[in-house]
Amino acid sequence: MAGVKEIGAAPVPTPTKNQTPSAPPMSASDAAAAGRAARKSAELEAGQVMVAQAARQAAEAKENLEKERAEQENDYEREDQTEKRDTSELSKQSKWFGIDGKLLENGDIRWVLEMEQELFEALLKWMPSGNGDIAKQLDELSRLYLALLEAILTHTMGDEQAAQIARLDEILAQKLTLLMETDLKELMDFLKQTGQTDTLQNVKSSIYKQTTGTSISARAADRFYAKGKPTGSSNLRFFMPESNGKDSSRARSTAAAYSSHGAEEGSIYKLTEGRNVRMNQAFDVSRKSGEMQMSQRNQALSGKGGGSANASISGGRTAFTGNDLARANRFAAHINGSGNLLNHSGISARNEEVVGYLAAVTSIKGEMYAASSGRQNAMNVPIKSAVNQMVDYYLNRKGIYKVYDYTTNVYEKTGSSQRAMEEGLEYAYRLFQEKKENTEAQKQAAYLEQAGFFQNLLKNQSIQADLLRGMRILEENWRDFLKSIGENEKKGISLKMQKHSPWGILLEPGEHRSIFRGRSPKLLLSEAIAVAVLIVVYLCYRLMVG
């Protein structure tokens, strides 16, 4: 055993009395197992630490949420108290849904026209005044319509918005139809009778634009006004205007009952946990679009943003203003009534000369209407066209057109209605007298001995009395015409007896004596007596020869 020391081996220690013998060394497999156990123990301890941290964070988050909720509830309570104290001017939410939002207990609210009760009732009650002030009435309708439209665009979207706009358009179509049937009835009838279909469409499109601020095509106008025709089945209101707002709470509850049904789209107002009414934030984009649309409409109506408010309508057509339409309606009323000399009850004769003359006078009225209206009046051309259409119906014979052409040419050359009507009458009467002396013409009833120039049969009156009566009718009719276009009646005409009637000067009042100007009454009387003597001599000669 001595060899062991010699090679440097360490001696084996001998345990002392108090020492315990050391454990025998572990094998490699035991050491690996011990390492794995230690790692698992460390991982478990780390997981426990993370769980504890997560629990603390969750507790802190919950505490913060509870604090925020408590603060929100306090805010809601303060807002509700503020609403309840706001008795002078309630907010829109309070007005529509009640101070405590009770109307929203069973579902989300959907805005309807009835929620703007004052405006909606005013629109339903609106009726045409019948005073002829078209511009003022269109302004009133426009104010109500645009206010309600703005409310729709502000508080609705999607299908709900389309439904409320359709209801509003239906009411507007009814009101504009009533306006046309009262304050524009004469004009619409005149245009229909003369076949002015395009102008009729323009009138409808023009009053639509002046009310809504947007243009509309002829086809779209037909569809729009078709909505205004009563069907007996539509119900445009949930309460009657006669209530005068006495049952507003009932109106709100009825509107809410109607509006709490339907799809999710369009639900703008909701009841929050604090029982207050809040707007759906997703609606913001749609609301801005509505604001832009209202801005464009208001600019169009006020004339801002390029030109006149009524410069044009769809298709490049010129729009008619309210004043244009009112003036045209007054003129149409004149033409539809006594102003239509071709159908005047006081003029029954139908000889070619009087028809041609009356047609010329009617045409001159159309020219004077246009001249007095000004170049900017868009109704000038349509009215002249309608008048010409009416006159053309009578220009079917050469004799008629001959007098018509002569009289209108005088007006075109001189610009004087007085001179045109005076010279035209003299020309027409001279041709009439010539035909009465023509054997061939006498075969026609209009040129018989008992036929007058203005009256078909003279009966017990002389042809001179017929002439005087007819001229007084023309003078009075011309004063009515001037009144219809807003001109001074003192600018009226004064017709004189024709120079082809030498005895007529004796029957005329002094103010009408224009025949043989510069010649004395005594000379004229002598000429008349001489003519009478010659006639007597001629008759006596025929009797003697016969």
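At what angle do helix α7 and helix α8 pack, and how far apart are their axes?

**View 1. Helices α7 and α8 pack together.** In this predicted model, local features need pLDDT of at least 70 and side-chain atom pairs pLDDT 80 or more, while totals for chains, interfaces and linings use all residues. Residues are numbered from 1 along each chain as its sequence is written, and side-chain values use heavy atoms, without hydrogens or water. Helix α7 (residues 185-193) meets helix α8 (residues 197-212) at about 155°, with axes 9 Å apart. Helices are DSSP runs (H or I, at least four residues), numbered from the N terminus. Axes are lines fitted to C-alpha atoms over the stretch in contact, and angles run from 0 to 180 degrees between N-to-C directions. The pair is therefore roughly antiparallel (over 145 degrees). M188, L191 and K192 of α7 make the contact with T199, L200, V203 and K204 of α8 (heavy atoms within 4.5 Å). Four of these residues are nonpolar, one is polar and two are charged.

**View 2. I152 is a buried residue of helix α5.** The helix spans residues 134-155. I152 has a relative accessible area of 0%; buried means under 20%, exposed over 50% (1.4 Å probe, protein chains only). Beyond residues up to four places away in sequence, I152 touches W111, L113, Q161, Q164, I165 and L168. The C-alpha atoms of I152 and L168 are 9.4 Å apart, across 16 residues of chain.

**View 3. Helix α9 has a buried face.** In α9 (residues 218-226), A220, A221, F224 and Y225 are buried. They fall within an arc of 130° seen down the axis, so they line one face; the arc is that of directions from the helix axis to the C-beta atoms. Their cover includes α6 (158-182) and α8. Exposed R219 and R223 sit on the face turned away from the buried side.

Definitions and conventions
Helices (H or I, at least four residues) and strands (E, at least two) are DSSP runs, numbered from the N terminus. Angles under 35 degrees count as roughly parallel, over 145 as roughly antiparallel, 65 to 115 as roughly perpendicular and the rest as oblique. Ala, Val, Leu, Ile, Met, Phe, Trp, Tyr, Cys and Pro count as nonpolar, Asp, Glu, Lys and Arg as charged, and the others, Gly among them, as polar.
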